[in-house]
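Hi,

Here is the structure I promised to pass on. Have a look at it first, and my notes follow below.

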Amino acid sequence: MDQPIRYTPAIETPAADEAETIRGLNEQFKIILDTTSADTGHGLRAVHAKGHGIARGTFTVADNLPPELAQGMFAEPGEHEAILRLSTNAGDILDDSISLPRGLALKILDVKGERLPGSEDASTQDFVMVNGPAFAAPDPKAFLGNLKLLAKTTDKAEGAKKLVSALARGAEAALEAVGGKSSFLQTLGGAKPVHPLGATYYSQTPFRYGDYIAKFSLVPTSAIKDFADETVNASGRPDAIREAVNELLIEQGGTWELRVQLCTNLEDMPIEDASAVWDEEASPFRTVGTLRVEPQIGWQHGVTETTDDALAFSPWHGLAAHQPLGGVNRARKSPYEFSADYRGRVNGCPMHEPSRLEDVGA
């Protein structure tokens, strides 16, 4: 295997007008948030608004990692409390028959080390992931273009969205049949309606990994992995995903491995193109820790909503040793902060990063 590329700030090349693009992203986030809060009387997330399950567990950093993997929060073995949230990617609360990519946000608590800007008062490390290796846009400008489309359709004509989802799913299924995929079709509602607990999740974008550069994945390894090909039938069941997640979490909980893929070639594994999939043959994902979730209720109506409101996830909650890299990551910082602050203001509950699981409710 080739040697990993060492991190240096020179690997990032921001566009000259990137600040303007980020202002545009904030504007689109505000349009989505204003629309959904006016309709619901509640502050929702601008993306990944609908939660399907929240689970508490333990994250264990692996023993005896080789030097290139023993970096940042993974430099020392140990156990941490952790909490995860399962979701789909829209900014409004949609019927689950509209088939969207699955998201998994993981928050690891009591992580020591120098912090990222804006995260200095916390001790958490977040990993924000989706069940596909490629981001739907290569750069901030394309990200803004996609978000403008989502903002225009937020909370409008759910029946039409179901039709578009069915059409997009048909087109995406045809692509998959010949070995292809389209991240854009998936975001339009063409994603395969997989069971969230059986899916593998990816950071999609690159991060600093101590002295090196990496992408992350979270892979189910307990019996929940048998649900990798399981789909959720949401016909006539608007919250079918939440029901499916709850049933499986109560029955068996789950175990996942957190894995890292080190960058070994900046040309083939670009930093500024979030839509590029890094070759796993050139640099395979390698395990650095394990997440264990005991059997538990994943969603209790009237209770879990309060926990969901209190949580905010961002790639920029974490250690300087795991700094988000590339244009899409740089563009996410301000809008994610804006969304969390907006929710806290509308809901009368300002966001505070937890230091213990008991800080985030029942």
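Both F29 and Y336 are buried, where buried means under 20% relative accessible area, exposed over 50% and partly exposed in between (1.4 Å probe, protein chains only). Before you read on: this is a predicted model, so local features need pLDDT of at least 70 and side-chain atom pairs count only at pLDDT 80 or more, while totals for chains, interfaces and linings use all residues. Residues are numbered from 1 along each chain as its sequence is written, and side-chain values use heavy atoms, leaving out hydrogens and water.

Now the rings. Searching the whole structure turns up 9 aromatic pairs. Rings of Phe, Tyr and Trp (its six-membered ring) pair if their centres lie within 6.5 Å; planes under 30 degrees apart are stacked, over 60 edge-to-face, and the rest tilted. F29 and Y336 make a tilted pair, at 6.4 Å centre to centre with 35 degrees between the planes. F29 sits in helix α1 (residues 18–40) and Y336 in helix α7 (residues 327–347), so this pair ties together parts 307 residues apart in sequence. Helices (H or I, at least four residues) and strands (E, at least two) are DSSP runs numbered from the N terminus.

F207 and F216 have ring centres 5.7 Å apart and planes at 65 degrees, so they are edge-to-face. F207 is buried at 8% relative accessibility, and F216 is buried at 2%.

Just after α7, G348 takes a positive phi of about 65 degrees.

What about K107, buried or exposed? K107 is in strand β3 (residues 102–108) and is buried, with a relative accessible area of 0%. Its side chain makes polar contacts with the side chains of D126 at 3.0 Å and E353 at 2.8 Å. A polar contact is a pair of N or O atoms within 3.5 Å; within protein, one must be able to donate a hydrogen and the other to accept it, and residues adjacent in sequence count only if both atoms are side-chain atoms.

Cheers
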